[in-house]
Amino acid sequence: MPCLRGQRSAVHLETRGSHGVAAEAEALARWKESGTVDADLDSPYWVPWTQLARRTVAP
């Protein structure tokens with residue numbers, strides 16, 4: 001993503017044909033059933049990833 005006015009972004013794209021992460025099995029099953037995902041970036045599910053992304057792209 002292009003940086004605008006000094007802002008930075010991070011994107012994570014899964015490109016595999018299958019998903020075999022045991023720790024994410026419950027979330028994946030919920031998504032397969034309902035088509036929804038936990039999109040709250042401050043939820044316990046996402047915090048480890050969002051903290052890493054924020055540290056990585058921080059100036």
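A residue is called buried when its relative accessible area is under 20%, exposed when the value is over 50%, and partly exposed in between. By that criterion, buried residues account for 5% of the 59 residues in the protein. The model examined here is a predicted one. Its accessible surface amounts to about 5,500 Å², and carbon and sulfur atoms contribute 56% of that area. As for secondary structure, the protein contains two helices and zero strands. Helix H1 covers residues 25-34, and helix H2 covers residues 47-57.

The charged side chains may be considered next. Two salt bridges are present in the structure. One of them joins Arg30 to Glu26, with 3.5 Å between the closest N and O atoms. Both residues belong to helix H1, and because they are four residues apart there, about one helical turn separates them. Arg30 has a relative accessibility of 45% and is therefore classed as partly exposed. Glu26, by contrast, is exposed, its relative accessible area being 60%.

Another salt bridge links the side chains of Arg54 and Asp42, at an N to O distance of 3.8 Å. Arg54 is part of helix H2, whereas Asp42 sits in the loop between H1 and H2, so this pair ties together parts of the protein that are twelve residues apart in sequence.

The structure contains one aromatic pair. It is formed by Tyr45 and Trp46, whose ring centres are 5.0 Å apart and whose planes make an angle of 90°, an edge-to-face arrangement. Two quantities describe any such pair of aromatic rings, namely the distance of the centres and the angle of the planes. The angle found for Tyr45 and Trp46 is the reason for the label, because planes over 60 degrees apart count as edge-to-face. Tyr45 is partly exposed at 38% relative accessible area. Trp46 is also partly exposed, with a relative accessibility of 22%; the cut-off for a buried residue is under 20%.

Val11 is located in the segment before H1 and is exposed, with a relative accessible area of 61%. Although Val11 and Ala53 are 42 residues apart along the chain, their C-alpha atoms are separated by 8.7 Å. Val37 lies in the loop between H1 and H2, and a relative accessible area of 53% places Val37 in the exposed class. From Val37 to Ala27 the C-alpha distance is 7.3 Å, and the two residues are ten residues apart in sequence.

Key. Residues are numbered from 1 along each chain as its sequence is written. This is a predicted model: local features need pLDDT of at least 70, side-chain atom pairs count only at pLDDT 80 or more; totals for chains, interfaces and linings use all residues. Side-chain values use heavy atoms; hydrogens and water are left out. A salt bridge is a side-chain nitrogen of Lys or Arg within 4 Å of a carboxyl oxygen of Asp or Glu. Buried means under 20% relative accessible area, exposed over 50%, partly exposed in between (1.4 Å probe, protein chains only). Rings of Phe, Tyr and Trp (its six-membered ring) pair if their centres lie within 6.5 Å; planes under 30 degrees apart count as stacked, over 60 as edge-to-face and the rest as tilted. Accessible areas come from the Shrake-Rupley method with a 1.4 Å probe; for residues, only the protein chains shown count as cover.
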